[in-house]
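Hello,

Here is the structure I said I would pass on. My notes on it follow below.

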Amino acid sequence: LQLPADLTKMHLTDNPHPQVTHVPSSQSGCSIASDSGSSSLSDIYQATESEMGDVDLTGLPEAPVDSEDEEEEEDEDIDRTSDPLLGRDVVRECLEKEPADKTDDDIEQLLEFMHQLPAFANMTMSVRRELCSVMIFEVVEQAGAIILEDGQELDSWYVILNGTVEISYPDGKSESLCMGNSFGITPSLDKQYMNGVVRTKVDDCQFVCIAQQDYWRILNHVEKNTHKVEEEGEIVMVKEHRELDRSGTRKGHIVIKATPERLIMHLIEEHSIVDPTYIEDFLLTYRTFLTSPLEVGNKLLEWFTVDSLRDKVTRVVLLWVNNHFNDFEGDPAMTRFLEEFEKNLEDTKMKGHLRLLNIACAAKAKWRQITLQKPSRDSPLFFSLLGGSDKGFGIFVETVETGSKAAEAGLKRGDQV
């Protein structure tokens, strides 16, 4: 087992979808980077043993040791760490503190939990963090307890953490809200009054409450942390300002929302120091908002003709081939795109990049068996080969006639026989 040298948390792009009633699974991830110089457990044990040598342990006080008790304690520790509610207990401890007593670690714990809830889904990371710093925890033990009366003046925004509440409206209709849903004030300093009666439906309903003044202040000052890009009077991209450390050296804007066209364009723009993996993130997720990868491919071919963009476009294609080769191998149109891009590299004498592309394709390609039947021995093959022992390298398919039996069988230019 390698000891983790570092444990870093990554915040993924904010969920752009409107509020929903279900609770999505956690979207945050973490990566464990293992330092090449870190020691294994056995190495540490051996080093300790060798350093001690023949140490004289006489004269040390002896202590009674009960191995059975130790095993039981270890089992209890394992049970506690494997308890799925343990994380929730940690969150509750953070919630029960007064806002002034919450530490940065407490706020991070709350942030990790709250970002899963629909009530916080459309908020930026900085807004969520501010809300976590001022929220107050409340518990209503009994089912049927009235939380808000009809016509009562509102002074807080509520988010349900546990249990279910029912809102009974004056017209006789009712609505049930569960974990992650919110009710109460809107972000305004105007006097607001409750429309309907809010009561608990189950025991042990838990809420976080944010006072009207804080809720209005945080949501109305979000503009200072966001930058909106407009084109022809319409907002096409929203970026959020983030700081990754307290030194102030790693700060900048990260894309949180944009139109598909603007997301594609951002592939060749300068990326912030706080958003260094934008290209990789885009290539991993574009299938969720684009109908075809050719929308990206055609744009890249168009931008390749611009000298200043050529290196950036090539980097995007190399990352694409290296990380998601199936996008090309299983799609004839994308295979043609790759062939055209390869030809462009040849024409522009970008031999180093062409070599990298060929290495990536060769490394990611998979073995496959193709059966091509001919009606007679003299029938044409519809493809040509290149290489052999006299050339000093393997045998490769040089060309495949479009629409032929060979193409239908799946033979492709660049295949090594």
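The cover over the buried residues of helix H6 includes H5, E5 and E10. Those buried residues are Gln 212, Tyr 215 and Ile 218. Viewed down the axis of H6, they fall within an arc of 140 degrees, so they line one face of the helix. An α-helix has 3.6 residues a turn, so residues three or four places apart point the same way.

Please keep in mind that this is a predicted model. The chain has a mean pLDDT of 79, with 77% of its residues at 70 or more. Over residues 1-63 the pLDDT is below 50, though this stretch has 72 contacts in the model beyond near neighbours in sequence. Confidence is lowest in strand E2 (residues 29-33), with a mean of 33, and highest in helix H9 (residues 294-304), at 95.

Next, the cores. The largest nonpolar core has 40 residues, and those touching the most other members are Leu 95, Met 114, Phe 120, Leu 131, Trp 157 and Phe 183. Two or more residues each come from helices H3 (86-95), H4 (104-114), H5 (125-134) and H6 (212-220), and from strands E5 (156-162), E6 (165-168) and E10 (205-211). Leaving aside neighbours within four places in sequence, Trp 157 is in contact with residues including Phe 120, Leu 131, Phe 183, Val 208, Ile 210 and Tyr 215. A second, separate core has 39 residues, among them Val 255, Ile 268, Tyr 278 and Leu 338.

Regards

Technical notes
Residues numbered from 1 in each chain as written. Predicted model: local features only at pLDDT ≥ 70, side-chain atom pairs only at ≥ 80, totals over all residues. Heavy atoms only, no water. pLDDT = per-residue confidence, 0-100. Helix = DSSP H or I, 4+ residues; strand = E, 2+ residues; numbered from the N terminus. Contact = heavy atoms within 4.5 Å. Core = buried A, V, L, I, M, F, W, Y, C linked by side-chain atoms within 4.5 Å. Buried < 20%, exposed > 50% of the residue type's maximum accessible area, 1.4 Å probe, protein only. Arc of directions from axis to C-beta.
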